[in-house]
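Please read them with the structure open.

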Amino acid sequence: MSAAAVRLTAAQAAAAMAGSLVGGPSEAEIGGVSIDTRTLRPGDVYIAIIGERLDGHRFVGDAIRAGAAGVVVSDPSSVPPGLDAAVVVVQVDDTTRALQRLAKHIRRASGAQVVAITGSAGKTTTKELAADLVGARYRVFRNQGNFNNHIGLPLSLLELRHRPEVAVVELGMNHAGEIRVLVDLAEPDVRVWTLVAEVHSAFFASLDAIADAKAEILEGVTPQSLVVANAADPLVMARVKPAPARLITFGIAVPADVSAAGVIDRGLAGTRATVTTPSGTALVDVPLLGRGHLANALAAMAVAGHYGVPMDAMVERLAAARPAPRRGEVWRLASGVTLVDDSYNSNPRALQRTLEAVASERGCPRRLAVLGEMLELGGQAVALHEACGRAAARSGLSHLLTVGGGPAEAMAHAAVAAGMPAAAVRHVGTSDAAADVLVPMLRPGDVVLVKGSRGVRTDIVADRIKAAGA
C-alpha cells in the first residue's frame with residue numbers, strides 16, 4: 001500500500017526555498033514541479049531556472065498560460081501583470097538554489113531510504129539493477145535517464161513526495177566539487193562507488209584527482225552509513241577504507257563480500273558466474289554485455305542484500321535484466337545482421353570491456369565495429385585512443401571504422417600497427433559518413449558494434465543500420 005504523499009503548502013514551500021510568498025494563497029497545495037514549459041502539466045509549479053543558454057524567466061508567462069499553479073522567480077518583473085490571485089508567486093534570490101533546497105526538504109520529509117551511486121562507469125546500469133532487485137521487497141523510485149546533476153537530481157528527489165520506501169539515484173560529475181553538492185542534497189543512506197577510470201580526464205590532472213572527486217560521495221558518512229565499494233579497484237578502496245562507515249565490497253575474482261568466480265563469457269548473451277554473498281551462493285546469469293555489467297550486478301546484489309532481498313529473488317530478477325536504451329542493446333535484425341547498440345556514450349575502460357565481450361561471441365562470420373571518438377580526455381586523448389585501437393585489433397574484428405577527430409584517427413592507426421589489415425580499417429569525420437560507408441558492407445550473419453561519445457552521435461549509425469535491416 002502506498003503511503004500518503006508529502007503535503008506541502010505554498011507558505012511551507014516558500015520557507016523551504018528561503019524565499020518570500022509574494023502572491024497567491026499561503027495554504028495553496030504544491031504538487032508537481034517543472035522547469036520546462038514544454039513538459040509542464042496543469043497544476044505544476046514552474047521554477048524559472050537561469051541556465052547557460054536560456055533564462056527561464058522568459059517563459060513565466062507561457063507557464064501560467066499552460067496552467068501552472070504557481071511560479072518561482074528571482075526576477076519579479078517576469079511575472080505578468082494582472083495575475084489571477086490564485087496563482088502562487090514565490091520570490092527567491094537564486095532559482096537553482098531554491099530548487100535544490102525544496103528537493104532537500106522533500107527528501108527529508110519523505111522518510112525514504114536513499115541509495116546513491118557514483119563512479120566513472122556503470123552508474124546507470126547499477127542504478128537500474130539495484131532498483132529492480134530492491135523492488136522485489138520494497139516500493140522503489142529511481143531517477144530517470146541521466147537526471148544526475150545539480151538540476152536533474154533535485155527534480156528526481158522532488159518525486160519522493162510520493163513516499164517510496166527506497167530511492168535509487170545516480171550522481172554524475174565532470175568537475176571537482178559537483179558530487180559534494182549532490183551528496184548534500186540526497187543525504188544517502190547507502191553509497192555505491194563502481195570504479196575510477198579515465199573519464200572527463202580533460203578536467204583533471206590525474207587518475208588520482210578523478211578518484212578524489214568521486215570520493216566526495218563519502219562526505220558526511222556516519223557509522224550508520226553503508227558504503228558499497230569495488231574491491232578490485234585500488235583507487236576506490238584506498239579512499240573508502242578510512243571512512244567511518246560500514247563497508248560491503250564486491251568484485252570479480254577478488255576477495256570481496258559479494259564476489260563472482262568461475263566466470264563464463266557468453267558473448268552477446270552476457271555472463272554466467274558463481275556468486276557468493278553473505279546470505280549464500282548461487283549460479284547467476286547476467287544477460288548484459290561483458291564483465292563490466294557483471295560487476296554492476298554484484299554491486300546491485302550488495303545493495304539488495306542489505307535490504308534483505310532473498311538470493312533466489314535476486315537470481316530471478318537478474319536473469320530478466322535488460323539494458324537501458326543504447327547501452328549495449330542487442331538487435332537481431334530481419335536482414336540477419338546483429339547490432340550491438342552501445343552508442344549512448346563511451347570511455348576507454350568501457351570500450352575495451354565491450355570489445356572483449358564482442359570477441360567472445362561465437363558462430364559469427366564477421367565482427368565489425370564503428371567506434372566514435374571519446375571526448376573530454378584532455379592531453380591523454382591520443383594515447384588512450386591508441387590503446388583502444390590495439391584492443392580492437394586483439395578482438396578479432398573483420399572491419400573497424402573510427403569516427404571523429406584526430407584521436408579517433410589515432411585509434412585507427414594503432415589498430416593497423418597492432419596487426420589489423422590496413423584495408424580493413426577506415427577513419428571518417430562524421431557519423432553520417434560512417435553510416436554511408438558501413439551500411440552497404442553489411443551481410444547476413446554480421447555482428448556490428450556501435451559505440452562512441454554522445455557528442456559524436458554514433459546513434460545515427462545505429463539507427464541507419466536498424467532502418468536498413470528492418
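1. A residue counts as buried when its relative accessible area is under 20%. Serine 453 has a relative accessible area of 4%, so serine 453 is buried. Please keep in mind that this is a predicted model.

2. Where does serine 453 sit? Its place is the loop between strand 20 (447-451) and helix 15 (459-469). Setting aside neighbours within four places in sequence, serine 453 is in contact with Asn345, Ser346, Glu373, Met374 and Leu375.

3. Next, glycine 70. This residue is found in strand 4 (residues 70-73). Its relative accessibility is 0%, so glycine 70 counts as buried. Residues up to four places away in sequence are not counted here: glycine 70 touches Asp44, Val45, Tyr46, Val87 and Val88. Arginine 349 is 279 residues from glycine 70 along the chain, and their C-alpha atoms are separated by 46 Å.

4. Now the helix packing. Take helix 4 (residues 123-134) and helix 10 (residues 311-319). Their axes come within 9 Å and cross at roughly 135°. That angle makes helix 4 oblique to helix 10. Helix 4 passes helix 10 in a right-handed crossing. On the helix 4 side, the contact is made by Leu129, Asp132 and Leu133. Helix 10 supplies Met314, Arg317 and Leu318. The residues of this contact divide into 4 nonpolar, no polar and 2 charged.

5. Helix 4 also packs with helix 9, at an angle of about 40° and with the axes 8 Å apart. Helix 4 and helix 9 are therefore oblique to each other. Their crossing is right-handed. From helix 4 come Thr125, Thr126, Leu129, Ala130, Leu133 and Val134. They meet His293, Asn296, Ala297, Ala299, Ala300, Met301, Val303 and Ala304 in helix 9. What is the make-up of this contact? Its residues divide into 10 nonpolar, 4 polar and no charged.

6. Leu129 and Leu133 deserve a look. In helix 4, they take part in the contact with helix 10.

7. How many aromatic pairs does the structure hold? The count is 1. The rings belong to tyrosine 138 and tyrosine 307; their centres are 6.0 Å apart and their planes are at 75°, so the pair is edge-to-face. The pair links distant parts of the chain, 169 residues apart. Tyrosine 138 lies in the loop between helix 4 and strand 7 (140-142). Tyrosine 307 lies in the loop between helix 9 (291-306) and helix 10.

8. Are the two tyrosines buried or exposed? Tyrosine 138 has 26% relative accessibility, so it counts as partly exposed. Tyrosine 307, at 8% relative accessibility, counts as buried.

9. Last, helix 11 (residues 348-359) and helix 12 (residues 381-394). Their axes come within 9 Å and cross at roughly 5°. Angles under 35 degrees count as roughly parallel. Helix 11 and helix 12 are therefore roughly parallel to each other. In helix 11, Pro348, Leu351, Gln352 and Leu355 make the contact. They meet Leu384, Ala387, Cys388, Ala391, Ala392 and Arg394 in helix 12. The residues of this contact divide into 8 nonpolar, 1 polar and 1 charged.

Definitions and conventions:
Residues numbered from 1 in each chain as written. Predicted model: local features only at pLDDT ≥ 70, side-chain atom pairs only at ≥ 80, totals over all residues. Heavy atoms only, no water. Axes fitted to C-alpha atoms, helices over the stretch in contact; angles between N-to-C directions. Helix = DSSP H or I, 4+ residues; strand = E, 2+ residues; numbered from the N terminus. Parallel < 35°, antiparallel > 145°, perpendicular 65-115°, else oblique. Left-handed = near helix turned anticlockwise from the far one by under 90°. Contact = heavy atoms within 4.5 Å. Nonpolar A, V, L, I, M, F, W, Y, C, P; charged D, E, K, R; others polar. Phe/Tyr/Trp six-rings, centres within 6.5 Å; stacked < 30°, edge-to-face > 60°. Buried < 20%, exposed > 50% of the residue type's maximum accessible area, 1.4 Å probe, protein only.
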